[in-house]
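Here is a short report for a reader new to this structure. Please look over the sequence and the model before reading on.

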Amino acid sequence: MKKIRVFITVVLYTLSIMYISLTDNHEMHEIAKAITTDTTFAETTNTASASRDKPTDTFVTTTSENVPVFFEYGNGRYAFPKEFYSDLSDIMEKYPHFNNYDISVAYSDIETGFSVMINPDNHYYSASLIKAPYILHIYELALENKANTSDIVVFEEQFRRNGTGVIKDMEPGKEFTIEELIGLSIKRSDNTAFAMLKNVFPENEFVGYMNSIGVDYYCNSGNMICAESAIDISREIYNFIEEGNPYSQNLYEYMTSTLHPMIYAGENSEIARKYGWYAGYFHDMAIIYDERPYTLAILTNFEDLEIGETEYQLFKDISALFYNYSGKLSPSDGNDDVIIIRTPKDEEKKDNH
């Protein structure tokens with residue numbers, strides 16, 4: 001866990017130094033001095049991730065136990081308090097999953113666009129996450145009079161799918177409206193209902209839709225998605241719901257009534273979400289309707305780990321962290337709004353886990 005502490009130290013050091021450059025405040029100099037004790041910094045470079053087009057002002061590289069840790073900081077118009085990063089460090093120390101498996105997190109404030117992303121470029125099998133944007137695509141077609149959600153689809157044996165859902169236990173011949181299949185696909189994550197929808201609305205058209213809204217989705221290489229794309233999708237869904245069109249309320253009601261909640265928020269907060277779970281791929285993406293609405297996605301690949309109470313608690317702790325700080329954004333003097341944190345897996349620890 002030493003490498004996690006060093007990594008967070010890099011985070012706090014960078015934030016402090018950038019603040020000092022703007023304020024020349026003596027107190028902040030003392031904070032920076034305190035948090036950089038016993039830390040060695042490697043060469044600083046301006047190289048940013050090749051897969052991103054967002055500007056990055058600082059890219060810090062350091063090493064702990066021969067494992068590289070990368071931190072990119074976009075000097076933003078808004079920022080979390082520095083305590084956020086020590087709390088994040090505590091979570092990373094609590095769960096060995098951050099060393100042993102792939103975990104990505106993406107948060108974005110709806111109003112400002114301020115974002116914090118942990119391993120945002122890692123790609124995962126999407127599992128049932130993909131049902132949410134697929135439904136959004138169908139509703140967009142309906143708004144353009146290219147689809148009718150009252151149309152009937154007959155359940156045939158060829159559509160039967162294992163896993164979640166209720167239609168799989170029914171006899172062929174039962175009729176469903178498109179709207180009923182949409183509701184089952186979101187609320188019950190019904191795989192058979194989704195197969196019936198995909199037969200009506202081909203996947204190649206859906207991929208074109210994803211490209212049109214700028215979402216990074218790889219259908220031909222195994223339905224892969226990253227955390228940044230997950231919050232981009234959530235923002236599209238948020239905007240669709242806020243439009244108040246004929247389908248907005250339906251989508252909102254479906255997504256606030258789903259099974260297997262993993263992302264949490266305050267008792268008075270509504271959460272519109274879609275989870276995905278296939279083998280070790282365990283995900284949730286959500287819109288949190290709070291005083292400051294925000295989107296949050298947590299994507300993981302726990303491989304052959306038996307997923308249980310600990311993994312649910314990990315999701316709860318991460319989402320509680322962002323909920324606790326979502327209302328504490330403060331103005332800053334930068335131009336960018338993205339903080340990127342990278343936590344490579346420790347292969348040696350993984351083998352011994």
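## Tyr-281 and its neighbours

Tyr-281 is in contact with Tyr-124, Tyr-125, Gly-276, Thr-300 and Asn-301, leaving aside its neighbours within four places in sequence. Contact means heavy atoms within 4.5 Å. Tyr-281 sits in strand E12. Tyr-281 counts as partly exposed, at 22% relative accessibility. Buried means under 20% relative accessible area, exposed over 50%, and partly exposed in between, with a 1.4 Å probe and protein chains only. Tyr-281 and Asp-102 are 179 residues apart in sequence, yet 9.6 Å apart in space, C-alpha to C-alpha.

## The model and its confidence

This is a predicted model, in which local features need pLDDT of at least 70, side-chain atom pairs count only at pLDDT 80 or more, and totals for chains, interfaces and linings use all residues. Residues are numbered from 1 along each chain as its sequence is written, and side-chain values use heavy atoms, with hydrogens and water left out.

The mean pLDDT of the protein is 80. pLDDT is the predictor's confidence in each residue, from 0 to 100. In this model, 73% of residues reach 70 or more. Over residues 1–71, pLDDT stays under 50. The model has 132 contacts beyond four places in sequence for residues 1–71. Residues 348–353 also have pLDDT below 50, with ten contacts in the model beyond near neighbours in sequence. Where pLDDT is low, the predicted coordinates should not be read in detail.

## Overall build

The protein has twelve helices and 15 strands. Helices (H or I, at least four residues) and strands (E, at least two) are DSSP runs, numbered from the N terminus. Of the 353 residues, 53% count as buried. Among contacts between residues at least 6 apart in sequence, 68% join residues at least 24 apart.

The largest nonpolar core has 53 residues. A nonpolar core is a set of buried Ala, Val, Leu, Ile, Met, Phe, Trp, Tyr and Cys residues joined through side-chain atoms within 4.5 Å. Ile-237 and Leu-251 have the most contacts inside the largest core. Elements that give two or more residues to this core include H5, helix H6 (178–187), helix H7 (191–200), H9 and strand E12 (281–289). Apart from it lies another core, of 36 residues, among them Ile-91, Val-116, Ile-271 and Ile-339.

What does Ile-237 touch, not counting residues up to four places away in sequence? Ile-237 touches Ala-132, Leu-136, Leu-251, Met-255 and Ile-287. In soluble globular proteins, nonpolar side chains tend to be buried together.

## H5 against H9

Helix H5 (residues 131–143) packs against helix H9 (residues 227–243) at an angle of about 40°. Their axes are 10 Å apart. Axes are lines fitted to C-alpha atoms, for helices over the stretch in contact, and angles run from 0 to 180 degrees between N-to-C directions.

Ala-132, Pro-133, Leu-136, Tyr-139, Glu-140 and Leu-143 in H5 meet Ile-233, Glu-236, Ile-237, Phe-240 and Glu-243 in H9. The residues of this contact divide into eight nonpolar, no polar and three charged. Ala, Val, Leu, Ile, Met, Phe, Trp, Tyr, Cys and Pro count as nonpolar, Asp, Glu, Lys and Arg as charged, and the others, Gly among them, as polar.

His-137 is also found in H5. At 5% relative accessibility, His-137 counts as buried. Beyond four places in sequence, His-137 is in contact with Glu-205, Phe-206 and Tyr-209.

H6 is mostly covered, with eight of its ten residues buried. Among them are Ile-178, Glu-179, Leu-181 and Ser-185. The buried residues of H6 pack against several elements, including H5, strand E7 (152–154), H7 and H10. After H6 comes Ser-189, whose phi is positive, near 50°.

Val-153 is found in strand E7. Is Val-153 buried or exposed? Val-153 is buried, with a relative accessible area of 10%. Not counting residues up to four places away in sequence, Val-153 touches Lys-174, Glu-175, Phe-176, Ile-178, Leu-181, Met-196 and Val-200. Val-153 and Thr-177 are 24 residues apart in sequence and 6.0 Å apart in space, C-alpha to C-alpha.

## Positive phi in two loops

His-260 has a positive phi, near 55°. His-260 lies in the loop between H10 and E11 and is partly exposed, with a relative accessible area of 33%.

Ala-279 also has a positive phi, near 55°. Ala-279 is in the loop between E11 and E12. At 58% relative accessibility, Ala-279 counts as exposed.
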